[in-house]
Amino acid sequence: MLDFIYYPVSFILWCWHWVFGHVFGEASAVSWALGIVFLVFTLRAIMYKPTVKQVRSMRKMQEFAPEIKKLQTKYKNDKPKMQQEMQKLQQQHGVNPLGGCLPMLLQIPVFLGLFHVLRSFGNSPTENYFFDERGVSSYLAADLFGARLGNWITEPAAELAKFDVSRGAVIAVAVPLMIAASILTHLTARHSVARQNPESATPQTAMMNKLTLYMFPLGVLVGGFFFPIGLLMYWLSNNGWTLAQQHFVYRKIDAEEEEKKAAVIEKRNALAPKPGQKPAAKKRPAAPTASTASTDSAAPKPAASTEKPADAVKPPADNGTEIPGLISDRSRSKKSGRKNR
């Protein structure tokens, strides 16, 4: 029913086993172990971009976490209205909550597919999806410190007898892998929780943090009793990749944000006046110089109007000279004549 998952997973495993089989031998446990590890690396490399989008989405959600708290307080008695307003807020900031869950959701079918493929190696001696009879026999013959990759701790004794493997050998190989995978799960969750914004903390967030910090590592530790050794290698390499990728992605995003802040500060400093410098005064239009005045006088003037206002008409001046501030004799005679009349 899930062959569309089993075949791609088995094909990637077949490719890497073919590569390392030419170096260490087809039946070598090292070839199979490296094939499983690089199967994880291949799938996680394919999911790198969605993972980066997930981190960016989480960072954006932390930025407007105070606004979410306000909505939760305002509409605490109206859940549908609160969900509607939160969707509007997420659309305004360009955040898709489902995008943050995508990488985790994609890992679930891969985990189940690999679990089924590894468990199916003992079902048929002739084939197992992309592996033929030769590939199946080489997997079953791969010896890792006295255990087989398909064995697990709680496997029935009759099944262990078929592979001529003791339970002690399986425990000696599986338990260190279980502990290492559990520790890496805790460190990954711890690093992710440390990057959270304290302002965005809610009771639900605190509960999820406790689950990821303690319950998930404990689940890996307990589940190791029922997982084949090959699947424990998958879990260990997957958690190791996740921890390293988180450090790399967060460091890259922090550097990008620091560059943006530095560019904003640099632009602001370039526009601001220097210390002790007076603000520049506005420039006034310059006064006309002698050269401009001569050019203005040389320019043709508009013709004066022939009509003059009545008060502008003056009597013709006589030939005599007049001294400013003194009244002429003619003007006196006119005034005296008017009085006599």
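Author: Let me begin with a term: two residues are in contact when heavy atoms of theirs lie within 4.5 Å. In this predicted model, among the contacts in the chain with a separation of 6 or more, 68% are between residues 24 or more positions apart.

Reader: What is the chain built from, and how much of it counts as buried?

Author: The chain has 13 helices and 0 strands, and 32% of its 341 residues count as buried. The chain exposes about 23300 Å², of which carbon and sulfur atoms supply 63%.

Reader: How do you know that the length of α1 agrees with that of a helix?

Author: At 1.5 Å a residue, the 22 residues of α1 should span 32 Å, and because the end C-alpha atoms of α1 are 30 Å apart, the two values agree. Just after α1, G25 takes a positive phi of about 105°.

Reader: Why is H17 called buried, and what does its side chain reach?

Author: Buried means under 20% relative accessible area, and H17, with 6%, is therefore buried. H17 is found in helix α1, whose buried residues also include I5, Y6, V9 and F20. The side chain of H17 reaches the backbone oxygen of E26 at 2.9 Å, and H17 touches E26, S31, W32, G35 and S138 when residues up to four places away in sequence are not counted.

Reader: What makes a group of residues a nonpolar core, and which residues touch the most other members in the largest one?

Author: The members must be buried residues of the nonpolar kinds, Tyr and Trp among them, joined through side-chain atoms within 4.5 Å. The largest such core has 38 residues, and W32, L114, F121, I229, M233 and Y234 touch the most other members. Helices α1, α2, α6, α7, α9 and α11 each supply at least two residues of this core, and α2 gives the most, with 7 residues. A second, separate core of 6 residues includes I68, L71, M82 and L89.

Reader: Why is the pair of E26 and R134 called a salt bridge?

Author: The term requires a side-chain nitrogen of Lys or Arg within 4 Å of a carboxyl oxygen of Asp or Glu; the closest N and O atoms of E26 and R134 are 3.0 Å apart, so the pair qualifies. At 34% relative accessibility E26 counts as partly exposed, whereas R134, at 56%, counts as exposed because the cut-off is over 50%.

Reader: How many salt bridges does a search of the whole structure find, and how do R148 and D143 meet?

Author: The search finds 3 salt bridges. In one of them the side chains of R148 and D143 meet at 2.8 Å, N to O. R148 is buried, with a relative accessible area of 16%, while D143 is partly exposed, with 40%.

Reader: What makes K162 and E159 a salt bridge, and how are they placed in their helix?

Author: Their closest N and O atoms are 3.6 Å apart, and this is within 4 Å, so the pair meets the definition. K162 and E159 are 3 residues apart in helix α8, and are therefore separated by about one helical turn. An α-helix has 3.6 residues a turn, so residues three or four places apart point the same way. K162 is exposed, with a relative accessible area of 65%, and E159 counts as partly exposed at 30%.

Terms used. Residues are numbered from 1 along each chain as its sequence is written. This is a predicted model: local features need pLDDT of at least 70, side-chain atom pairs count only at pLDDT 80 or more; totals for chains, interfaces and linings use all residues. Side-chain values use heavy atoms; hydrogens and water are left out. Helices (H or I, at least four residues) and strands (E, at least two) are DSSP runs, numbered from the N terminus. Buried means under 20% relative accessible area, exposed over 50%, partly exposed in between (1.4 Å probe, protein chains only). Accessible areas come from the Shrake-Rupley method with a 1.4 Å probe; for residues, only the protein chains shown count as cover. The expected span of a helix is 1.5 Å times one less than its number of residues. A polar contact is a pair of N or O atoms within 3.5 Å; within protein, one must be able to donate a hydrogen and the other to accept it, and residues adjacent in sequence count only if both atoms are side-chain atoms.
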